[in-house]
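Here are my notebook entries from an afternoon of looking things up in one model. Keep the viewer open and follow along with me.

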Amino acid sequence: MYGLIPFTRGGAVAQFVAVPAAVLAAEPARLDHDHAAALPPAGLTAWQGLVVDGGLRPGARVLVQGGAGGVGSFAVQVAVALGASVTATADAEAADFVRELGAEQVVDHRSERFEAQVKDVDLVFDTVGGDTQEHSWQVLRPGGGLVSIVAPPDATKEGCRFFVVEPDRTGLEELSRLVADGELAPPVDRVLPLAETAQAYAALEQGHRRGKIVLHVS
């Protein structure tokens with residue numbers, strides 16, 4: 001079994017934790033434990049942001065801000081699996097990685113202005129915030145939407161949403177189906193032992209990761 005521990009409970013960085021059975025699902029048979037562990041937090045964030053809050057439909061044009069990161073790398077794959085045309089921002093070193101995830105276009109956020117490269121987007125999935133979020137409004141088509149996991153967008157603008165991921169068995173089952181169909185592979189940047197938890201959290205502050213950082217519980 002695998003799942004997202006409710007935020008009302010402690011004990012994620014531990015050998016054992018008590019969770020409600022209702023938030024768990026069967027672990028995908030194709031994955032080892034480390035890759036399965038990477039799936040619930042980032043995968044559910046991508047699924048809920050794109051499908052539940054973003055109303056993603058096949059044929060949509062999606063811009064993923066931060067396509068190489070822990071959540072963005074899942075968002076690119078999920079959007080593509082659901083029939084969307086995906087553009088993503090990333091640094092030049094990660095461009096090939098993001099294309100391998102399924103993005104049709106990758107914009108180097110260090111050397112290019114994405115708002116000059118992209119237009120008529122149906123949905124922006126924002127994992128960056130700040131000026132990136134603010135400039136994202138320029139690329140949306142009329143009636144398009146923006147979903148952020150970083151900070152609430154400008155409330156005066158229509159079609160904006162901010163959310164925090166929640167445990168969701170149905171969402172996990174949908175993600176497991178995508179894994180079984182070969183349409184989703186959890187990207188793992190590195191796996192560290194439980195004893196190196198402090199180093200894992202320090203790595204989160206460094207940025208420029210390709211996928212999730214996983215703690216291995218022996």
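**Entry 1: two helices**

At what angle do helix 1 and helix 6 pack, and how far apart are their axes? Before answering, I noted that this is a predicted model, in which local features need pLDDT of at least 70, side-chain atom pairs count only at pLDDT 80 or more, and totals for chains, interfaces and linings use all residues. Residues are numbered from 1 along each chain as its sequence is written, and side-chain values use heavy atoms, with hydrogens and water left out.

Now the answer: helix 1 (residues 33–53) packs against helix 6 at about 100°, with the axes 10 Å apart. That angle makes helix 1 roughly perpendicular to helix 6. Helix 1 brings Leu39, Pro40, Gly43, Leu44 and Trp47 to the contact, and helix 6 brings Gly171, Leu172, Glu174, Leu175, Leu178 and Val179.

My terms for this entry:
- Helices (H or I, at least four residues) and strands (E, at least two) are DSSP runs, numbered from the N terminus.
- Axes are lines fitted to C-alpha atoms, for helices over the stretch in contact, and angles run from 0 to 180 degrees between N-to-C directions.
- Angles under 35 degrees count as roughly parallel, over 145 as roughly antiparallel, 65 to 115 as roughly perpendicular and the rest as oblique.
- Contact means heavy atoms within 4.5 Å.

**Entry 2: helix 2**

Next I asked which residues of helix 2 are buried. I found Gly72, Ser73, Phe74, Ala75, Val76, Gln77, Val78, Ala79 and Ala81 on that list. Buried means under 20% relative accessible area, exposed over 50%, and partly exposed in between (1.4 Å probe, protein chains only). Nine of the 10 residues of helix 2 (residues 72–81) are buried, so the helix is largely enclosed by the rest of the structure. Just after helix 2, I saw that Gly83 takes a positive phi of about 95°.

**Entry 3: Phe125**

I then clicked on Phe125, which sits in strand 6 (residues 121–126). Phe125 is buried, at a relative accessible area of 0%. What does Phe125 touch, leaving aside neighbours within four places in sequence? I listed Thr45, Ala46, Gly49, Leu50, Leu63, Val64, Gln65, Val71, Ala75, Val147 and Ile149. Val64 is 61 residues away from Phe125 along the chain, yet their C-alpha atoms are separated by 4.8 Å.

**Entry 4: a positive phi**

Most residues other than glycine have a negative phi. Asp120 is in the loop between helix 4 (114–117) and strand 6, and it is partly exposed at 44% relative accessible area.

**Entry 5: salt bridges**

How many salt bridges does a search of the whole structure find? It finds nine, a salt bridge being a side-chain nitrogen of Lys or Arg within 4 Å of a carboxyl oxygen of Asp or Glu.
- Arg113 and Glu115 meet at 3.4 Å, N to O; Arg113 is exposed at 53% relative accessibility, while Glu115 is buried at 14%.
- Lys157 and Asp154 meet at 3.1 Å, N to O; Lys157 is partly exposed at 26%, and so is Asp154 at 29%.
- Asp181 and Arg177 have their closest N and O atoms 3.7 Å apart; Asp181 is partly exposed at 47%, as is Arg177 at 37%.

Glu134 joins Asp154 and Lys157 in a network of salt bridges.

Last, I went to the loop between strand 8 (160–162) and helix 6 (169–180), where Val164 is found. Val164 counts as exposed at 52% relative accessibility. With Phe7 and Phe162, Val164 makes a nonpolar surface patch of about 320 Å².

Glu166 lies in the loop between strand 8 and helix 6 and is exposed, with a relative accessible area of 52%. Where does Glu166 make contacts, not counting residues up to four places away in sequence? I noted Leu4, Leu44 and Gln48. Ser176 is 10 residues from Glu166 along the chain, and their C-alpha atoms are separated by 17 Å.

For the patch, I used residues with over 30% relative accessible area and no salt bridge, where like charges are joined within 9 Å and nonpolar side chains (Val, Leu, Ile, Met, Phe, Trp, Tyr) within 5 Å. Accessible areas come from the Shrake-Rupley method with a 1.4 Å probe; for residues, only the protein chains shown count as cover.
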